Amino acid sequence: MYKNFLAAVGLLCCSFMFAQESNPFEVELNYFYGSILRHNKDITSLITGHPEGLILSYNKKTYGNKEWSRRYNYPDYGFTFAYQDLKNDNLGKTYNALAHYSFYFLNRKLMFRVGQGIGYTTNPFDIDTNVANNAYGSRFFSATLVMLNYKQPITPQISLQTGLTFLHGSNGNFKAPNTSTNTLAINTGVVYTNKPIPDYIPRGSRERYTEPIGFNFALNMGLNESDYVGLGQEPFLILTAYADKRLSKKSTILAGGEFFVSKFLKNEIEFLSVAFPSFGVTKDQDWKRAGVFVGHELRFNKTALMTHAGYYVYYPYDFEGRFYQRVGLKHYIQEKYFVSAAVKTHGAKAEAVEFGLGIRL
């Protein structure tokens, strides 16, 4: 059952052996058992058992040698490999590779981890052989991991931990269908630390930090597809302009507008106007949109967690409502240039995975 996972364990362990000995690191292995959440009635028929799996993680320790790590109470960062058996023949099994950050509380006994990466399913939707799987329309999808663990040291190098795991898989409508899955589970595991952590470098006094208002221009793009299966994948472009104000080394607020050119909506409008005339959709309806949004960026060195909340001010065709959200990561190549990857949603319904590049003036 776990032979593929164990092969991955062996491969990762070999890579750990070549890690620099001067840098403390941890290796942890967790078992989890849980349930698929019924976030959408269309996935009900696929919930037939309790998912279980294994999570293997490599954590690089920080102890304040860089200023940003002192601001966040010396977090870990690293890589995670997660295997999940969804206990349903139509859903199959998933393999997930993610990058993560871990943050500590309660004298470093409570750990909160968030990870983002790529997942692979063994049994995606197929119109001929697996039409029941409306969760995964493609073999590859975006994977998200959230963990909350209580960690108890047993020896200087060995610790035990237990807590909750949340594992999400969705391709962001890259290919329909895309109902997605959300697994909530209890996990327990063991943690090995290769050497004692050096004394933490004191945080020092906090100095106020601000920057002048910056003006940003970005181009986001990708591929997505209508929920009506068979209409085809289409490219999309989003032109974005916004102003931001950095309030501290951690926090930036922003507001702006954007213009959406999403060709999948053109296909959907043409299909509905012919196949379902009672819906009141006409073939000549405009499929472009424009919106305004506000947002926030939480900075970790050169990387930022971005969250946006938007509202369509130009909205000729009704697709999932006027409000939309965006969650993703932005990386500053320099202070002036950045790249990003984000998921745009309407509540729990994903519209697209966006990849962007931009400039800050």
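**Stop 1: the largest nonpolar core.** Select Ile-55, Leu-91, Ala-135, Tyr-136 and Leu-145 in this predicted model. They belong to the largest nonpolar core, which has 17 residues, and they touch the most other members. Two elements give two or more residues to this core: β1 (25-36) and β6. The largest share, four residues, comes from β6. As background, nonpolar side chains in soluble globular proteins tend to be buried together.

**Stop 2: around Tyr-136.** Keep Tyr-136 and show its contacts beyond four places in sequence. Among them are Leu-86, Leu-91, Pro-124, Phe-125, Phe-141 and Pro-177. Thr-94, Thr-121, Gly-169 and Thr-181 also touch Tyr-136.

Now move to the other core. A second, separate core holds 13 residues, including Leu-254, Phe-293, Tyr-312 and Phe-338.

**Stop 3: the barrel.** Switch to a cartoon and follow β1-β2-β3-β4-β5-β6-β7-β8. These eight strands form a closed barrel with antiparallel pairing. On average, neighbouring strands of this sheet are turned by 25° against each other, direction ignored.

Stop 4: Thr-94 has Thr-121 in β5 as its bridge partner. β4 and β5 form a hairpin with four residues between them. In the turn, pick Leu-106, which has a positive phi of about 50°.

Next, take β5 (residues 110-121) and β6 (residues 140-153). They run antiparallel, joined by eleven bridges. Phe-112 is partnered with Leu-148 in β6, and Leu-110 stands opposite Tyr-150 in β6.

**Stop 5: salt bridges.** The structure holds 20 of them. Start with Asp-244 and Arg-360, whose side chains meet at 2.9 Å, N to O. Asp-244 lies in strand β10 (residues 234-246) and Arg-360 in strand β16 (residues 349-360), 116 residues apart. Both are buried.

Lys-344 counts as buried because its relative accessibility is 1%. Glu-351, at 2%, is buried too.

Then select Lys-288 and Asp-286, a salt bridge with its closest N and O atoms 3.0 Å apart. Lys-288 is partly exposed at 26% relative accessibility. Asp-286 is partly exposed as well, with a relative accessible area of 22%.

**Last selection.** Show Glu-26, Lys-61, Asp-76 and Lys-151 together: a network of salt bridges links them.

How values were computed: Residues are numbered from 1 along each chain as its sequence is written. This is a predicted model: local features need pLDDT of at least 70, side-chain atom pairs count only at pLDDT 80 or more; totals for chains, interfaces and linings use all residues. Side-chain values use heavy atoms; hydrogens and water are left out. Two strands pair if DSSP finds at least two bridges between them. Axes are lines fitted to C-alpha atoms, for helices over the stretch in contact, and angles run from 0 to 180 degrees between N-to-C directions. A nonpolar core is a set of buried Ala, Val, Leu, Ile, Met, Phe, Trp, Tyr and Cys residues joined through side-chain atoms within 4.5 Å. Buried means under 20% relative accessible area, exposed over 50%, partly exposed in between (1.4 Å probe, protein chains only). Contact means heavy atoms within 4.5 Å. A salt bridge is a side-chain nitrogen of Lys or Arg within 4 Å of a carboxyl oxygen of Asp or Glu.
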